[in-house]
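Please open the structure in a viewer and keep the sequence beside it.

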Amino acid sequence: MAGKSFPQIALSFLFKLLRRTSNGHASQTKYQKYTTLLHRAEDLSNHTLIFHSEDALLKSSSLFPYFMLVAFEAGGLLRALVFFLLYPFACLFGEELGLKIKVFLCFFGIKKESFRLGSSVLPKFFSQDVGREGFEVVMRFGRKVAVSNLPRVMVEGFLQDYLGVDSVVGRELKVVCGYFVGLMEENKADGIILGEEKACSGVIGIGSFRSLLHHQHPFAHCKEVYFVSRAEKRNWHILPREKHPKPLIFHDSRLAFRPTQLATLAMFMWIPLGIFIFLIRFTTGRLLPLCMCSPIMAFTGAITIISKPTNSSINEKRPTTTAGTLYVCNHRTLLDPLYVGAATRKSVSAVTYSISKIYEAITPIRTIHLTRDREKDRIAMHKLLSQGDLVVCPEGTTCREPYLLRFSPLFAELTDDITPVAIDVQVSMFYGTTASGFKCLDPVFHFMNPFPTYNVKILEKLPSSRTCKVGGVSKYEVANHVQSEIAKALGFQCTSLTRKDKYMILAGTEGLV
């Protein structure tokens with residue numbers, strides 16, 4: 001014993017403890033280091049994997065960001081502040097009791113029916129913390145069962161929808177009168193979910209010492225168990241976006257950064273100053289002319305990058321039945337038409353599917369609501385075009401990631417004087433869009449960012465040969481061509497997804513207003 005190191009002694013003791021506390025089946029279990037599995041060359045597609053999601057997949061060992069997201073997005077700013085202040089004290093009570101305190105602080109009083117963060121918010125942040133080494137090992141197995149210390153409503157959406165995990169064994173939350181009470185029930189689902197694995201000889205487990213002590217029953221069915229240590233995970237690399245099994249196109253968090261403890265502290269310190277800067281930017285943009293507004297906005301950190309084609313054809317007016325130019329752009333925030341107007345230095349109007357009454361009252365440009373009645377909308381848009389320039393976003397909703405949703409072809413019927421506009425927005429702290437929150441706060445959150453950047457690229461006017469009336473091209477071909485040109489200018493990817501798809505994923509509705 002004297003020649004063994006402390007980790008080896010601890011490992012030997014743990015193995016003996018697991019064998020004594022488990023059933024007879026577990027006595028045949030082989031316990032090995034994770035690196036052994038990492039270099040295992042055989043095909044594992046006919047094996048079943050039982051893995052601890054936090055230990056075998058995530059590079060970081062801290063769960064603070066995920067609880068902070070629940071506190072902020074589901075409970076609001078005050079709950080997030082309370083959780084931030086009490087988190088160090090919760091950690092003093094040990095892992096299990098500390099976890100229960102964190103769950104209580106974040107979930108108490110949250111309505112179960114409206115809680116969708118597991119599918120709309122958390123997948124983005126989980127995916128940003130997946131270790132490439134752990135992911136590659138997990139994906140080698142045919143059937144995958146995830147075990148988690150977290151409440152199942154937090155992890156199930158990410159593990160099943162984006163990683164293709166077959167079953168998730170997580171902690172269930174108690175519900176009273178439709179509301180979470182912040183208490184976790186004892187996990188009794190292991191035997192049901194893992195029932196078919198009991199008779200299987202090819203069951204392999206991955207976890208840490210800690211996870212095996214807390215989840216002895218699931219791992220008791222494994223013939224082999226591999227331990228992954230925090231020291232090994234520190235050498236992992238974050239899985240690149242292009243390696244993800246399924247692209248994450250929609251997410252709905254207000255926070256644009258990963259809320260670690262230090263980053264969250266910076267956010268709370270910034271918010272008072274951010275509100276003051278928002279008031280300056282809003283007042284400037286609302287009351288001052290563009291020639292005075294632009295320098296002041298730039299001085300406060302709001303960056304606007306405008307690019308135009310060198311060809312002067314953008315200013316040419318074609319023979320058409322309408323008086324104005326139709327600017328067709330992708331949709332990043334509610335402020336898109338304002339920035340298009342600033343880039344073209346013209347007075348423009350805009351049409352939109354959903355806009356808050358508050359924003360409609362304070363916006364300096366004319367806006368109208370679309371009714372989703374194709375004929376009524378066509379007449380209304382044609383009327384606006386006859387009075388001047390019009391900005392339209394055919395996607396019908398915003399998209400934060402580098403993807404373009406399907407373009408509605410309605411705009412192609414209105415005129416041949418079409419100018420595509422490519423828009424990209426970069427923020428560092430808050431997103432100025434939401435699917436389930438208060439849309440009236442979208443401009444507030446956008447302008448509270450320290451350095452919000454708007455990149456507006458005015459592209460070449462659509463050639464006559466590519467239009468409906470002169471070129472004889474179908475409206476669908478025109479819409480697809482404009483979508484592809486904007487995607488090419490931004491380096492984005494075209495999709496066939498729609499507004500309805502987005503709202504079904506993020507809010508569980510069809511996006512009707």
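The model is a predicted one, in which local features need pLDDT of at least 70, side-chain atom pairs count only at pLDDT 80 or more, and totals for chains, interfaces and linings use all residues. Residues are numbered from 1 along each chain as its sequence is written, and side-chain values use heavy atoms, with hydrogens and water left out.

Next, select residues 374-387, which form helix H19 (helices are DSSP runs of H or I with at least four residues, strands are runs of E with at least two, and both are numbered from the N terminus).

Now colour Asp377, Met381, Leu384 and Leu385, the buried residues of H19 (buried means under 20% relative accessible area and exposed over 50%, with a 1.4 Å probe and protein chains only). Viewed down the helix axis, these residues fall within an arc of 100° (taken from the directions from the axis to the C-beta atoms), so they line one face of H19. An α-helix has 3.6 residues a turn, so residues three or four places apart point the same way. On the other side of H19, select Lys376 and Lys383, which are exposed.

Finally, show strands E9 (326-329), E10 (348-352), E11 (366-369) and E12 (389-392): the buried residues of H19 pack against them (contact means heavy atoms within 4.5 Å).

Notes. Expected span 1.5 Å × (residues − 1).
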